[in-house]
Amino acid sequence: MNKTLKSILLWIGALIFTLATVIYQRATGPTYPVKGDVTINGQHIDYKLIRSFGGDEDALVKIDIPDNEISGTITLKRYLSHDNWSSYPMKMEEGRLIGAIPNQPPAGKVEYVVTLHHNNTDYVLNEEPAIIRFKGEVPKGVLIPHILFMFTALLFSVRVAFELIFRGNKAKLFTTVVIVTMFVGGLILGPLVQKYAFGAFWTGWPFGHDLTDNKTIFVFIFWLIAWFVLRKKPQNKLWPAIAVIIMLAVYAIPHSTLGSEIDHTKTENAELE
């Protein structure tokens with residue numbers, strides 16, 4: 001196999017692996033929608049219960065309903081609070097049942113349950129309450145570059161792994177790309193995203209327990225060590241291998257785990273309205 005074809009195949013493999021990793025991390029995270037289906041009166045209904053919302057408006061839970069005789073109720077309260085549960089009827093608009101969740105300050109969470117009704121029979125869509133986290137709106141000019149830089153950092157991390165496995169000679173070059181893209185995407189743009197979304201540039205150690213911030217700096221330190229080692233010993237495989245393993249281990253952690261949240265049990269805020 002010639003070098004050009006080998007390089008193309010390695011890049012294709014790295015891209016596929018990176019996409020699979022990103023999809024897995026997002027799909028297993030606490031902000032990924034709760035999806036399911038239910039059959040009512042012989043009619044199949046798919047639903048998606050949102051668990052993340054950005055902006056200043058109320059979050060809307062929308063369910064396509066093929067039968068106007070089906071109604072719905074949304075029952076909710078603030079997460080980590082002493083609130084009582086409150087129930088509100090969902091409104092039917094253009095073939096959709098819509099339930100409104102009152103907007104919360106950034107990092108505020110609301111837990112809710114959706115119940116559909118037909119002929120005096122209740123259909124609870126989620127026995128376990130869905131928890132939605134509110135955040136401020138992040139400008140696309142900040143969010144998109146952040147995502148692209150972090151994706152590129154992961155892609156080149158996988159290519160470093162392939163260089164080590166297939167005895168390539170570009171581990172140092174690719175490690176440099178990882179360092180630069182992770183620094184820009186995770187340590188410059190990341191705090192900006194955090195500021196827009198939750199009102200603080202950094203909520204990881206030592207100021208908080210935000211796992212996204214903590215794992216970013218943790219992984220960056222190991223890549224930095226690998227880069228310094230490769231500068232002196234370009235053939236070294238140990239430290240870049242360690243950095244790759246840690247990078248993939250971190251990406252195995254669901255996105256937004258242990259993210260910013262408001263604990264209303266420690267405040268005197270009024271109940272959800």
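Colleague: Why is Arg96 called partly exposed?

Modeller: Arg96 has a relative accessibility of 35%. Buried means under 20% relative accessible area and exposed means over 50%, with partly exposed in between (1.4 Å probe, protein chains only). The 35% of Arg96 falls in between, so Arg96 counts as partly exposed. Please keep in mind that this is a predicted model, where local features need pLDDT of at least 70, side-chain atom pairs count only at pLDDT 80 or more, and totals for chains, interfaces and linings use all residues. Residues are numbered from 1 along each chain as its sequence is written, and side-chain values use heavy atoms, leaving out hydrogens and water.

Colleague: What makes Arg96 and Asp64 a salt bridge?

Modeller: The term asks for a side-chain nitrogen of Lys or Arg within 4 Å of a carboxyl oxygen of Asp or Glu. Here the closest N and O atoms are 2.9 Å apart, so the pair qualifies. The two residues are 32 apart, with Arg96 in strand β8 (residues 96–101) and Asp64 in strand β4 (residues 59–64). Strands are DSSP runs of E, at least two residues, and helices are runs of H or I, at least four, numbered from the N terminus.

Colleague: Is Asp64 buried or exposed, or in between?

Modeller: Its relative accessible area is 47%, so Asp64 is partly exposed.

Colleague: How many salt bridges does the structure hold?

Modeller: There are three. One of them joins Asp83 to Arg78, with the closest N and O atoms 2.8 Å apart, and both residues are buried.

Colleague: What separates Glu163 and Arg159 in helix α2?

Modeller: About one helical turn, because they lie four residues apart in helix α2 (residues 140–165). Glu163 and Arg159 form a salt bridge at 3.2 Å between the closest N and O atoms.
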